[in-house]
Amino acid sequence: MKQLKTELVNQRKIAASIYEAVLYHESIDDQFKPGQFVHVKAGAGSDPLLRRPISICHVDPEEHLLTMIYRAEGKGTNLLKNEVPGAVIDILGPLGNGFPVDEVKSGQKAVLVGGGIGVPPLYYLSEKLRERGVAVHHVNGFQSKESVFYENEFKELGPLTITTADGSYGESGFVTSQLDLSFDYLFACGPSPMLQALEAYRSKGKVYLSLEQRMGCGIGACLACVCHVHGSDLAYRKVCSDGPVFEAGEVVL
Amino acid sequence: MSRLTIELPGLSLKNPVMPASGCFGFGREYSKFYNLEKLGAIMVKATTQEPRFGNPTPRVAETSSGMLNAIGLQNPGLDNVLQSELPWLSQYDVPVIANVAGSTIEDYIAVSEKISKAENVHALELNISCPNVKEGGLAFGTVAETAYEVTKEVKKVSRVPVYVKLSPNVTDIVSIAKAVEKAGADGLTMINTLLGMRIDLKTGKPILANGAGGLSGPAIKPVAIRMIHQVSQEVSIPIIGMGGIQSAEDVVEYFLAGASAVAVGTANFVDPFCCPTIIEDLPPLLDELGVNHINELIGRSWKNEWTLQSSSR
């Protein structure tokens, strides 16, 4: 992990409150893995004070570019969305442990399930799985038609099913209603209720879940983002540095 | 760098900057960013007799120029700290200040006695001011009599000097400071976090699972400065100051208020390199202020005979 003063190359709104930012720094390379995240300082002042953890959506190691997608929701991300190309964006990264891409073999089948702002890291994961010859199927869930993003991008990598909670686009309902699929691996990132529902799919194959949690430092020092380990009152994992990706069943969701 | 050296009970500091307890773990994470020997000292995470998981999440919430935390003294327990964390840290030539917490006076005594025997522990920091635990913690630090009692008992068993970490959540911090000085404390560390709360508009409930939490960060610096200014004039033991320090300028302000060293807390979360950066920034700032040695600054805000060269600018 490094602290990088990256340059904002491009930024655009891609759905309701959803922004895609492309960052450049000569140190950005393939050490940034799918499922890892960067800890982004929004604005130069002390309000907001802490960094925002944002997942990695795509990395171009030759051009040293990193794409991240975030939802402008609070003070920090609303500052970030107003940054223009040329702005210096201070990031820490890559942080955490990503998806076990190397474990999946050519010819195996993977289902990638994303919910809302949990969708972006699965794009990078899908790219890397495709490179290995893995058959990838995507199920991405959103609130409504206005919040759908990266439809064409995902379709280029494999079949895509889109669900919306209000039924305004794609299939109506939650992602879990569209998972009548066989798989060797299921990878997911999204809100806790979605991840909890996906734990049941452990009987069908290997399931890896990427967790979201309020963080402080992002490097494992402050113990803000801990979660319990099944079967112990004292054992814990830090979402930021032990995760954010865990095999289903390892930690209490 | 000899202009930054500070001598305190049990501590020969090559510079007066150290990470604050609870904001640096036991150093492992930050050792990946820089050599820990750059630090004046390290205040490690609070240690209790038994391992603790701490509070449920969410444990942090942001505020304007600050953050609330309610970690709840999560730590691996005394045995693990003695067998694993402190020996690991001993590879670095840097004094350790062990933060001691507990639910009862007996807890404080037991942990202090054992942890003060560890070779790299040069001082104890008695945590009688944690706002995030149901028993002990803050309860010891808000009443002068109990603060006196726990300090006195720990002094009997500790093999190293004892610093007492004061809570700002009191009506009269001077009376607490005087009580622990009378009990034999070798120094004070101040301030711990201020009790606060944030409420989520969507749920209508507090953001922190614990409800309230401790406020830290730049937002609390003026409170700490005022309290150190007040306390340093009333006691003769040294003060390690903390609360919202982010820069060399902040360090100088703490010294002027009456601190003899400082600890950096929340800023480590924002910038992992903040401690070494502050240490590097101090000598040029002393030049700018026309100060030869940093100890000349201690308490100058209330010592009338002296003014900073640059104050006439």
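For these notes a helix is a DSSP run of H or I of at least four residues, numbered from the N terminus. The model I am reading is predicted.

**Helix α2, chain A.** I looked first at what follows this helix. α2(A) is followed by Gly133(A), and the phi of Gly133(A) is positive, near 85°. I then checked the length of the helix. α2 of chain A covers residues 120–131, 12 residues in total, and at 1.5 Å a residue it should span 16 Å; the end C-alpha atoms lie 18 Å apart, which agrees. Next I looked up burial. α2(A) is mostly covered, with nine of its 12 residues buried. Among the buried ones I noted Pro120(A), Pro121(A), Tyr123(A), Tyr124(A) and Lys128(A).

**Ser177, chain A.** I located Ser177(A) in the loop that runs between β11 (171–172) and β12 (185–189) of chain A. Setting aside neighbours within four places in sequence, I found Ser177(A) in contact with Thr163(A) and Glu171(A). Thr163(A) is 14 residues from Ser177(A) in sequence, and their C-alpha atoms are 8.8 Å apart.

**Chains A and B.** I looked up the contacts between the chains: 28 residues of chain B touch 23 residues of chain A. On the chain B side, β5 (60–63), β6 (66–69) and α8 (267–270) each supply at least two residues. I sorted that side of chain B by residue type and got 14 nonpolar, 10 polar and four charged.

Terms used. Residues are numbered from 1 along each chain as its sequence is written. Chains are lettered from A and ligands numbered from 1 in the order in which they are written. This is a predicted model: local features need pLDDT of at least 70, side-chain atom pairs count only at pLDDT 80 or more; totals for chains, interfaces and linings use all residues. Two residues are in contact if their C-beta atoms, placed from the backbone, lie within 7 Å. Ala, Val, Leu, Ile, Met, Phe, Trp, Tyr, Cys and Pro count as nonpolar, Asp, Glu, Lys and Arg as charged, and the others, Gly among them, as polar. The expected span of a helix is 1.5 Å times one less than its number of residues. A residue is buried if 20 or more other C-beta atoms lie within 10 Å of its own, exposed if 12 or fewer, and partly exposed in between; C-beta atoms are placed from the backbone.
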